[in-house]
Amino acid sequence: MTESARVYDLDGTLVRLDVDWRDAERSLRAAIRATSVEADADGAGVWELFDVAQEYGVLDAVEGAVAPHEVRGAQTAERLPTADELADLTVPVAVCSLNCEEACRTALERHDLLDEVAAIVGRDSVPYRKPHPEPLLAAIRAIDADPEETLFVGDSESDEHTAERAGTAFRYVEH
């Protein structure tokens, strides 16, 4: 593959957000209850609760419950070694994340990486979330690249599945 662009996942790849996910989960559960939805989501984590909210048609109403946790966590995010790659790249770079776009921007800005990234697609940037291919494809379109010539770097099976579905090459982050 000729690499003409690169897209990175954010949390666990470029930075580690300092988010109390249990607290974020409690906020999301409360937001879902406030919509009067009686969903059986015992044992569900944040990402599964987003699926529940989407299933019941209340995703837009509850999105804001988690974003403040992510933004706070981005303000004290730890920079990971993979972030050092950005300065040496000669191809356009984007970020595609399950985190909200504001948290992505905040974390990248905290570590002086914002200027290295031409586009950011967060959970709230497009109507779909990874592993659906649309967030990754939106990031690729935003940097005017072709999926077949793009490398997606991530830290999870979900990232790998997203890359497969979008038709891009994939590399697991090395820590």
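Me: Where is the place of D144 in this predicted model?
Reply: D144 sits in the loop between α6 and β6 (150–154).

Me: What makes the phi of D144 worth a remark?
Reply: Phi of D144 is positive, about 55°, although D144 is not a glycine. Most residues other than glycine have a negative phi.

Me: Why is D144 called exposed?
Reply: Exposed means over 50% relative accessible area. D144 has 73% relative accessibility, so D144 counts as exposed.

Me: Is D112 buried or exposed, and how do you know?
Reply: The cut-off for exposed is over 50%. D112 is at 66% relative accessibility, so D112 counts as exposed.

Me: What is the peptide bond from K130 to P131, cis or trans?
Reply: The bond is cis, with omega near 15°. Most peptide bonds are trans. P131 is found in the loop between β5 (119–121) and α6 (134–142).

Me: How many disulfides does a search of the whole structure find?
Reply: The search finds zero.

Me: What about the sulfur of C104?
Reply: Its closest cysteine sulfur is in C100, at 6.7 Å. That is too far for a bond as well.

Me: Why are C96 and C104 called buried?
Reply: Buried means under 20% relative accessible area. C96 has 0%, so C96 is buried. C104 is also at 0%, so C104 counts as buried.

Me: Which residues of helix α4 (residues 67–75) are buried?
Reply: They are A67, H69, E70, V71, G73 and A74. The buried residues of α4 pack against α1 (21–34), α2 (46–55) and α5 (101–110).

Me: How many helices and strands does the protein chain have?
Reply: The chain has seven helices and seven strands. Along the sequence they follow the pattern β-β-α-α-α-α-β-β-α-β-α-β-α-β.

Me: What makes the chain as compact as a globular protein of its length?
Reply: The globule rule gives 16 Å for 175 residues. The radius of gyration is 16 Å, close to that value, so the chain is as compact as a globular protein of that length.

Me: How much of the chain is buried?
Reply: Buried residues make up 50% of the 175 residues.

Conventions:
Residues numbered from 1 in each chain as written. Predicted model: local features only at pLDDT ≥ 70, side-chain atom pairs only at ≥ 80, totals over all residues. Heavy atoms only, no water. Disulfide = S-S within 2.5 Å. Buried < 20%, exposed > 50% of the residue type's maximum accessible area, 1.4 Å probe, protein only. Helix = DSSP H or I, 4+ residues; strand = E, 2+ residues; numbered from the N terminus. Rg over C-alpha atoms; globule rule 2.2 N^0.38 Å. Contact = heavy atoms within 4.5 Å.
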